[in-house]
Amino acid sequence: MVSSGQALAGKRALITGASSGLGAHFAAVLAAHGAEVVLTARRTGSLEAVAAQVREAGGTANALALDVSDAASRAALVERAGAIDILVNNAGVVREGAALSQSEEDWDTVIDTNLKGMFFMAQALAPAMRAAGGGSVINVASVLGLRQAGGLVSYAVSKAGVIQLTKTLALEWARHGIRVNALAPGYIETELNRDFWQGDAGQALIKRIPQRRLGRLEDLDGPLLMLASDASRYMSGSVIAVDGGHLCSSL
Ligand code: NDP
């Protein structure tokens, strides 16, 4: 984590998918920089545990249940969340498999969570942001929204959609003072994927990253804080890749 300060003092940030991985880390980073954080996800036990860790570190955190793919759940969340200055649209799922065998159920799960859920969360929170004079929406895309890899058709399509969603909302909402930008992480090592990276396939993939290493959660801190804060006040519709140069890898 970058050294803490109070750049986000007085701001309220809502993070989707905060029960694990990137979202849990984002919540801790934003809280360490002064934001009051609202953590959301479906697994409320994990969510409460992450919120407790944030509080133990001196932050202000609440946990609220949310299924981003469910309209009633989104509506209930918006009722309880109050005004939000920073929305980190991070919840996401992957369903791997060859395009020829991808089921309609898997396709729908991925698109409903990663793309539809993201749009309707932004739409639900934007009116209060507009009323408050503005806000920042940070959509978590992926390098797979800009390039391709086998076995990930629905995921890559959802993330490409996130990038176009980001630019379209940036265009429409600039007049309301709402900035909308995307983070496009490359491969980030987390507890969930650590075993893969230690195997032969993982090691071969790492060799294709120009920096020859995986991303770490902390590598996202600077771009996250920039997009969340006034440091990026003249940025909207931007897509920031944080990938060790992976998108620039040689053909
Ligand atoms: P995790 O599986 O650790 O986290 C995913 C989060 O999304 C969980 O907190 C999960 O919570 C939540 N989530 C899933 N479905 C829903 C839903 N329907 N409603 C609400 N929350 C939901 O994965 P990561 O931390 O790796 O991924 C986070 C984001 O980062 C994703 O958008 C992913 O695509 C993106 N990303 C990750 C990269 C990586 O290398 N790890 C690289 C590029 C992008 P719960 O199950 O409790 O609901």
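Residues are numbered from 1 along each chain as its sequence is written, and side-chain values use heavy atoms, with hydrogens and water left out. Because the model is predicted, local features need pLDDT of at least 70 and side-chain atom pairs count only at pLDDT 80 or more, while totals for chains, interfaces and linings use all residues.

**Sheet and helices**

Helices (H or I, at least four residues) and strands (E, at least two) are DSSP runs, numbered from the N terminus. Two strands pair if DSSP finds at least two bridges between them. Seven strands form an open sheet with parallel pairing, in the order β3-β2-β1-β4-β5-β6-β7. Its edge strands, each pairing on one side only, are β3 (60–65) and β7 (239–242). On average, neighbouring strands of this sheet are turned by 20° against each other, direction ignored. Within the sheet, β1 (residues 12–16) pairs with β2 (residues 36–41) in the parallel sense over five bridges, and Thr-16 stands opposite Thr-40 in β2.

Axes are lines fitted to C-alpha atoms, for helices over the stretch in contact, and angles run from 0 to 180 degrees between N-to-C directions. Contact means heavy atoms within 4.5 Å.

| Helix | Strands | Angle |
|---|---|---|
| α4 (residues 104–131) | lies across β1, β4 (86–89), β5 (135–140) and β6 (178–185) | about 180° to β4 |
| α8 (residues 221–228) | touches β4, β5, β6 and β7 | about 170° with β6 |

Helix α8 is mostly covered, with six of its eight residues buried (under 20% relative accessible area; exposed is over 50%, partly exposed in between; 1.4 Å probe, protein chains only). The buried residues of α8 are Asp-221, Pro-223, Leu-224, Leu-225, Leu-227 and Ala-228. What covers them includes α1 (21–32), β4, β5, β6 and β7.

**Leu-115**

Leu-115 belongs to helix α4 and is partly exposed, with a relative accessible area of 22%. Not counting residues up to four places away in sequence, Leu-115 touches Val-110, Ser-158, Gly-161, Val-162 and Leu-165. Leu-115 and Leu-165 are 50 residues apart in sequence, yet their C-alpha atoms are 8.3 Å apart in space.

**Aromatic pairs**

Rings of Phe, Tyr and Trp (its six-membered ring) pair if their centres lie within 6.5 Å; planes under 30 degrees apart count as stacked, over 60 as edge-to-face and the rest as tilted. By this rule the count comes to three aromatic pairs. Phe-196 and Trp-197 form an edge-to-face pair, 4.9 Å centre to centre with 70° between the planes. Phe-196 is partly exposed at 40% relative accessibility, whereas Trp-197 is buried at 4%. Ring pairs link Tyr-187, Phe-196 and Trp-197 into a cluster.

**Pocket and cavity**

On a 1 Å grid over the protein atoms alone, a cavity is a set of points where a 1.4 Å probe fits but cannot get out, and a pocket is an open set with protein on both sides within 12 Å along at least five of seven lines; lining residues have an atom within 4 Å of a point. The largest pocket has a volume of about 1400 Å³. Of its 46 lining residues, Gly-92, Val-93, Val-94, Tyr-155 and Leu-192 lie nearest its centre. The largest share of this lining, three residues, comes from α1.

There is one cavity of 30 Å³ or more, and about 40 Å³ of space lies in the largest cavity. Residues lining the largest cavity include Thr-16, Asn-89 and Met-118, and its largest share, five residues, comes from α4.

Terms used: Points joined across faces, edges and corners; volume = space filled by probe spheres on them.
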